[in-house]
Amino acid sequence: MLLHEQAFQLIGEGVVLLIFLIVVILIVGLLLGIILVRRNKLVMPSVIIFIVNVFYSPLKSFANLLGLDDSLVDNIGIEVRNKVNKAKFEKIAPEDKIIVLPHCLRSAHCEASLKETGVQCTYCGKCAIGVIKAKAEPMGYRVFTVPGSSFVKKIIQQNKFKSVVGVACHVDLNQTMMALSDFAPQGVLLSTSGCFETKVDVSKVLETIGYYDYKKQEENL
C-alpha cells in the first residue's frame, strides 16, 4: 500500500473514531441530564456542564434526532447550575444579588417607562414584575426588568454584585446562566413562553430568593 493511501486510511479511521466518541459523549450527556430532570438526581455535574457548554448545538440536534424536545438540553443546563450553585448562592447576602426579569412579563396595559437600566416598574399590580420587586427589594435585592441582552450586559458592567437570579425562557436562561457562571446564578423558567404577556410562577421566584425564610424571620422578631 502506498504511503499516501495509508495516510488517507488513517485519517478516515480517525474521523470515524472521532464521530463515535462525539456520539458517545452526546449520549452520556443526555442520559445524565435526563436522570437529573426526571429523577432529580445530580450525577457527575461537572461532566454534564462541560458537555452542554461544548456540545450545545450538536446536543440539540441529537435530541431532535431521538425525537426529544431540544429544550431539554437547556433545561438540563439550567437544572444542573441551579443545584451546583445553590449552596454558594444561599451564603451570599441579598444586598450582593440582583434579579433580572424579562420585559415580556409586562401587562399589555403597562404604563412603565423604559430607562437606561430597563423598565421602571410603577407597581400597578397588573403583572408579576411589581409583585416580585415589592417583596425582593426590602430584602436587599436590586431588581431589573430588561428588554434584551444588551441591557443585561449594561447592568453587569454598571453594577457590582456577587450573584444573580434570572427569569427567562429555556434558551435565554440557559445561555445567560452559562455566561454568568462565575456569579453562582439561579434560574427560574417562564411558565408560558413567547414575547408578549408571558407568565412566571411567582412563588417559585420567591422561594428561590429566600423570601419565605426571610418572612418567617421578620415575623419572629
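Start with the contacts. Among those with a separation of 6 or more, 64% join residues 24 or more positions apart. Keep in mind that this is a predicted model.

Now the overall picture. The chain has 221 residues, and 38% of them are buried. DSSP gives 9 helices and 6 strands. Along its principal axes, the C-alpha trace spans about 80 × 35 × 35 Å. The accessible surface comes to about 12700 Å². Carbon and sulfur atoms hold 58% of that surface.

Next, charge. There are 24 positive side chains and 20 negative ones. How far apart do the centres of the two sets lie? The answer is 4 Å.

On to salt bridges. The count comes to 3. I'll take them one at a time.

Begin with Lys60 and Asp74. Their closest N and O atoms are 2.6 Å apart. Lys60 sits in helix α3, residues 56–65. Asp74 sits in helix α4, residues 71–91.

Then Lys162 and Asp96. Here the closest N and O atoms are 3.9 Å apart. The cut-off for a salt bridge is 4 Å, so the pair counts. Both partners are in loops. Lys162 lies between α6, residues 149–158, and β5, residues 163–168. Asp96 lies between α4 and β1, the latter being residues 97–102. The two are 66 residues apart in sequence, so this bridge ties together parts separated by that distance along the chain. As for cover, Asp96 has 26% relative accessibility, so Asp96 counts as partly exposed.

That leaves Glu137 and Lys133. The closest N and O atoms are 2.7 Å apart. What about burial here? Lys133 is buried, because its relative accessible area is 9% and the limit for buried is under 20%. Glu137 is partly exposed, at 31% relative accessibility.

Asp74 is one of the contacts of His170.

So, His170. Where is it? His170 is in helix α7, residues 170–179. Its relative accessible area is 24%, so His170 is partly exposed. Set aside its neighbours within four places in sequence. His170 then contacts Ser71, Asp74, Asn75, Ile78 and Leu189. Asp74, remember, is also the salt-bridge partner of Lys60. One more distance. His170 and Ile76 are 94 residues apart in sequence. C-alpha to C-alpha, His170 and Ile76 are 9.7 Å apart in space.

Last topic, the cysteines. A disulfide is a covalent bond between the sulfur atoms of two cysteines. How many disulfides does the model have? The count comes to 0. Take Cys121. Cys121 is in no disulfide, and the nearest cysteine sulfur belongs to Cys127, 6.2 Å away. Now Cys124. For Cys124 the nearest cysteine sulfur is that of Cys110, at 5.8 Å, and Cys124 is in no disulfide either. Finally, accessibility. Cys124 is partly exposed, with 42% relative accessibility.

How values were computed: Residues numbered from 1 in each chain as written. Predicted model: local features only at pLDDT ≥ 70, side-chain atom pairs only at ≥ 80, totals over all residues. Heavy atoms only, no water. Disulfide = S-S within 2.5 Å. Buried < 20%, exposed > 50% of the residue type's maximum accessible area, 1.4 Å probe, protein only. Helix = DSSP H or I, 4+ residues; strand = E, 2+ residues; numbered from the N terminus. Contact = heavy atoms within 4.5 Å. Areas by Shrake-Rupley, 256 points an atom, 1.4 Å probe, with all protein chains shown as cover. Lys, Arg positive; Asp, Glu negative; His and termini not counted. Charge placed at Lys NZ, Arg CZ, Asp CG, Glu CD. Salt bridge = Lys/Arg side-chain N within 4 Å of Asp/Glu carboxyl O.
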